[in-house]
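Dear colleague,

Please find below the sequence and the structure that I am handing over to you. The notes that follow set out what was found.

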Amino acid sequence: MAEDKESAGTMAIVKEVHKKISEAFDLFDDECNKTVDVREIGTIIRSLGCFPTEAELHEVITEIEEEEPTGYIRFEKFLPTMTNVLMERRFRPIPEDLLLQAFEVLDQGKKGYLEPEELKKYMTQEGEPFNQDEMEEMLSAAVDPDKNVIFYKDFVSMMTIEDR
C-alpha cells in the first residue's frame, strides 16, 4: 500500500516536470512542430533552473541530437533526457555563499566592490571565458549605475535563486 502511494507521488512529480519542460520548450518552438533550434537548448535548460557548463551542455546536446545533426532538436528526444536531468537535480546553481567567496577572493583590497574592468579581465581570461556579448550582458546587470562599480554582494543576491 505504501509503495502505491510512493509510486503515485513519483508519477505526480514526473507529470509536473514534464509540464515544466514542455512549457519551456514550447516557448522556443517557433514553427509549433515540436522542434527547436539547437542553439536555444542552453537557454531552455537554464530557464528550467539548471546551469550546466559549456562542456556539460555540449554533452546534453550530443545525447539528444539526431544521428545526422539537423540543427534542430526534437521534443521527443529532449523530454526524457531533460526529465532525468531535473529528477536527478543535475546542474544545480552554485550556492550564494560560494559565489560570494569567489568574488571576495577577487576583491584583494576588501573594498566590497570590483571595478568593471577588473571583473571583465577575470571573466574573459580565466576558466571558461565569457565572450564579448556575454560580458556586456553581465556588466549591464552588475554595474551600479551611480558608482560605476560592481557591489558584488548585491549582484550575487540578484543572481542566485532559492533552491527549491
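**A helix pair: H6 and H7**

Helices H6 and H7 cross with a right-handed geometry; a crossing is right-handed if the near helix is turned clockwise from the far one by less than a right angle, and left-handed if anticlockwise. Helices (H or I, at least four residues) and strands (E, at least two) are DSSP runs, numbered from the N terminus. H6 covers residues 116-125 and H7 residues 132-142; their axes come within 11 Å and cross at roughly 140 degrees. Those axes are lines fitted to C-alpha atoms, for helices over the stretch in contact, with angles running from 0 to 180 degrees between N-to-C directions.

On the H6 side, Pro116, Leu119, Lys120, Met123 and Thr124 meet Gln132, Met135, Met138 and Leu139 of H7, contact meaning heavy atoms within 4.5 Å. The residues of this contact comprise six nonpolar, two polar and one charged. Here Ala, Val, Leu, Ile, Met, Phe, Trp, Tyr, Cys and Pro count as nonpolar, Asp, Glu, Lys and Arg as charged, and the others, Gly among them, as polar.

**Basis of the model**

This is a predicted model, in which local features need pLDDT of at least 70 and side-chain atom pairs count only at pLDDT 80 or more, while totals for chains, interfaces and linings use all residues. Residues are numbered from 1 along each chain as its sequence is written, and side-chain values use heavy atoms, with hydrogens and water left out.

The average pLDDT (the predictor's confidence in each residue, from 0 to 100) is 89 for the protein, and 93% of the residues score at least 70. Confidence is lowest in H1, at a mean of 85, and highest in strand E2 (residues 72-74), at 97.

**Nonpolar cores**

A nonpolar core is a set of buried Ala, Val, Leu, Ile, Met, Phe, Trp, Tyr and Cys residues joined through side-chain atoms within 4.5 Å. Buried means under 20% relative accessible area, exposed over 50%, and partly exposed in between (1.4 Å probe, protein chains only).

The largest core has 23 residues, of which Ile21, Ile41, Ile44, Ile45, Phe78 and Met82 touch the most other members. Two or more residues each are given to this core by H1 (2-28), H2 (41-47), H3 (54-64) and H4 (75-87). H4 supplies the largest share, six residues. Leaving out residues up to four places away in sequence, Met82 touches Ile21, Ile45, Leu48 and Cys50. A second, separate core of 14 residues includes Leu114, Met123, Met138 and Val156.

Ile45 belongs to helix H2 and counts as buried because its relative accessibility is 1%. Beyond its neighbours within four places in sequence, Ile45 is in contact with Cys50, Pro52, Leu57, Val60, Phe78 and Met82.

**Individual residues**

Two residues other than glycine have a positive phi. Lys34, with phi near 60 degrees, lies in the loop between H1 and strand E1 (35-37); its relative accessibility is 39%, so Lys34 counts as partly exposed. Phe91 has a phi of about 60 degrees and is found in the loop between H4 and helix H5 (96-106). With a relative accessible area of 14%, Phe91 is buried.

Val105, in helix H5, is exposed because its relative accessible area is 60%. Asp154 is placed in helix H8 (residues 152-159) and counts as exposed, at 55% relative accessibility. The C-alpha atoms of Asp154 and Ile64 are separated by 37 Å, the two residues being 90 apart along the chain.

With kind regards
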